[in-house]
Amino acid sequence: MGEKQFLQKLYSKSERQTEEIAERLAKTLKGTEIIAMFGGLGAGKTAFTRGLARGLGIDDGVSSPTFALVHEYEGKFMVYHFDMYRIGSYDDLYSTGFYDYQDQGVMVIEWSENIEPFLPEKRINIKIERISDSEREITIEGAEKL
Amino acid sequence: MRILAIDTTASAVSAALVKDGFLEGEFFLNVKTTHSQTLMPIIDNLLKLTNTKLDDIDLFAVDAGPGSFTGVRIGVATVKGLSLPLSKPCAAVSTLEAMAYSMPRVSGIICAVMDARCSQVYNALFRSDDGIIERITEDRALSIEELKNELAYYEEDNIYLIGDGTNIVYDTLVPELPDLILTTNNIRYQHAYGTAVVAERMSDMNKTCTSDELMPIYLRVPQAERELKAKQQSGK
């Protein structure tokens with residue numbers, strides 16, 4: 001894309017605060033964003049998604065879709081929650097129906113590392129980095145200022 | 001011969017009823033709805049409004065790929081389900097070939113393109129000589145950049161773009177290939193009429209199959225595969 005994406009770094013001291021940051025992000029969404037999450041095991045990706053879903057009026061049932069590959073939630077917008085942990089090729093990705101979900105709702109993608117070259121360039125990147133057991137640094141790229 | 005043809009390979013959905021080459025009825029929608037919700041009511045209404053019974057259909061045709069993963073599976077599964085109890089033959093039509101046969105009579109190169117995402121397209125090239133169509137390439141997945149290099153070879157010809165990838169290919173390539181011709185909106189997106197035309201030719205050539213044999217046609221995207229491997233290796 002080339003254009004400079006707005007980058008913001010936020011500090012979270014707890015899982016609860018990670019959810020609140022995500023909830024704030026949810027309020028800025030228009031309905032068809034692609035949100036790519038990066039961060040290893042236990043970084044708080046599912047907590048972030050839970051907060052995001054809550055911000056869109058989805059109060060419960062958010063869990064990691066590691067086995068189902070995608071979970072669908074209906075709130076203010078449809079939310080498609082992907083887990084790419086087991087996805088290792090373009091064919092794998094294609095056969096999740098990933099591209100068929102584009103423009104149908106908000107797509108939240110855990111383990112984006114695995115499919116980064118196949119993600120649309122127009123997207124929001126969330127990087128969650130571990131500072132200590134409870135603290136995280138959350139880098140948000142391509143979203144409005146929170 | 002009466003053919004019921006359907007296409008669900010991209011965002012549009014359509015069904016056509018064609019009897020001995022004559023288009024008796026056609027439905028086409030291109031809105032953001034799920035094909036699993038629209039396709040059956042479309043087929044049902046098409047048959048009802050044309051006073052056709054399912055048993056009157058001699059051949060069930062479907063664009064079996066390339067196309068969206070979910071879309072192709074909806075189309076193929078539907079045709080399997082309709083044809084199985086009646087033991088009627090099916091035709092697994094190439095989406096790209098169906099597009100070429102829904103073009104009006106032109107002379108030049110027909111470039112059928114579908115958006116495969118990640119700057120890749122599904123494509124096949126055909127030569128049309130006043131409507132007599134000859135296939136130049138197989139169906140394949142390639143990058144828009146690779147397609148540009150091939151199209152440059154046909155610079156002397158009129159090149160017509162058709163298919164749901166038309167807009168992205170045109171916008172990307174028109175600075176370098178300014179003579180690309182856009183098909184008009186009413187035929188740009190795949191229509192099941194073209195599917196029926198190809199199916200009739202396949203029937204003439206004994207290339208139909210049973211409902212059991214009908215399978216989706218998926219094309220690999222080789223460049224995407226290479227990029228991922230390179231990325232994963234450099235990341236390690």
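In this predicted model, much of helix α2 of chain B is tucked away: B:Gly71, B:Val72, B:Arg73, B:Ile74, B:Gly75, B:Val76, B:Thr78, B:Val79, B:Leu82 and B:Ser83 are buried. The cover over these buried residues includes β1 (2-7), α1 (35-49), β4 (59-65) and β5 (90-94), which also belong to chain B. With 15 residues (69-83) at 1.5 Å a residue, the helix should span 21 Å, and because its end C-alpha atoms are 22 Å apart, the two figures agree.

Helix α2 also turns up where the chains meet. Chain B brings 14 residues to the contact with chain A, and chain A brings twelve. On the chain B side, α2 and α8 (222-235) each supply at least two residues. The top contributor to that side is α8(B), with five residues. Sorted by class, the side of chain B that touches chain A holds six charged, five nonpolar and three polar residues.

Chain B itself splits into two domains: domain 1 takes in 2-96 + 189-219, while domain 2 covers 104-188. Their C-alpha centres lie 24 Å apart. Where these domains of chain B touch, eleven residues come from domain 1 and twelve from domain 2. The domain 1 side of this contact has no charged residues at all; it is made up of six polar and five nonpolar ones.

Next comes the largest nonpolar core, which counts 104 residues. The members that touch the most others are A:Ile35, B:Ala5, B:Ala61, B:Val62, B:Ala196 and B:Ala199. Helix α7 of chain B (residues 192-204) provides the largest share of this core, seven residues. Domain 1 and domain 2 of chain B each put in at least three residues.

Setting aside neighbours within four places in sequence, A:Ile35 is in contact with A:Val106, A:Met107, A:Val108, A:Ile109, A:Arg123, A:Ile124 and A:Ile126. Strand β2 of chain A spans residues 34-38, and four of its five residues are buried, so the strand is largely enclosed by the rest of the structure.

Strand β2(A) has parallel partners in β5 and β6 of chain A. Three bridges tie β2(A) to β5(A) (residues 106-110), with the two running parallel. In this pairing, A:Ala36 has A:Ile109 as its bridge partner. Four bridges link β2(A) to β6(A) (residues 124-130), again in parallel. Here A:Phe38 sits opposite A:Lys127 of β6(A).

Conventions. Residues are numbered from 1 along each chain as its sequence is written. Chains are lettered from A and ligands numbered from 1 in the order in which they are written. This is a predicted model: local features need pLDDT of at least 70, side-chain atom pairs count only at pLDDT 80 or more; totals for chains, interfaces and linings use all residues. The expected span of a helix is 1.5 Å times one less than its number of residues. A residue is buried if 20 or more other C-beta atoms lie within 10 Å of its own, exposed if 12 or fewer, and partly exposed in between; C-beta atoms are placed from the backbone. Two residues are in contact if their C-beta atoms, placed from the backbone, lie within 7 Å. Ala, Val, Leu, Ile, Met, Phe, Trp, Tyr, Cys and Pro count as nonpolar, Asp, Glu, Lys and Arg as charged, and the others, Gly among them, as polar. Domain bounds come from an automatic or database domain assignment. A nonpolar core is a set of buried Ala, Val, Leu, Ile, Met, Phe, Trp, Tyr and Cys residues joined through C-beta atoms within 7 Å. Two strands pair if DSSP finds at least two bridges between them.
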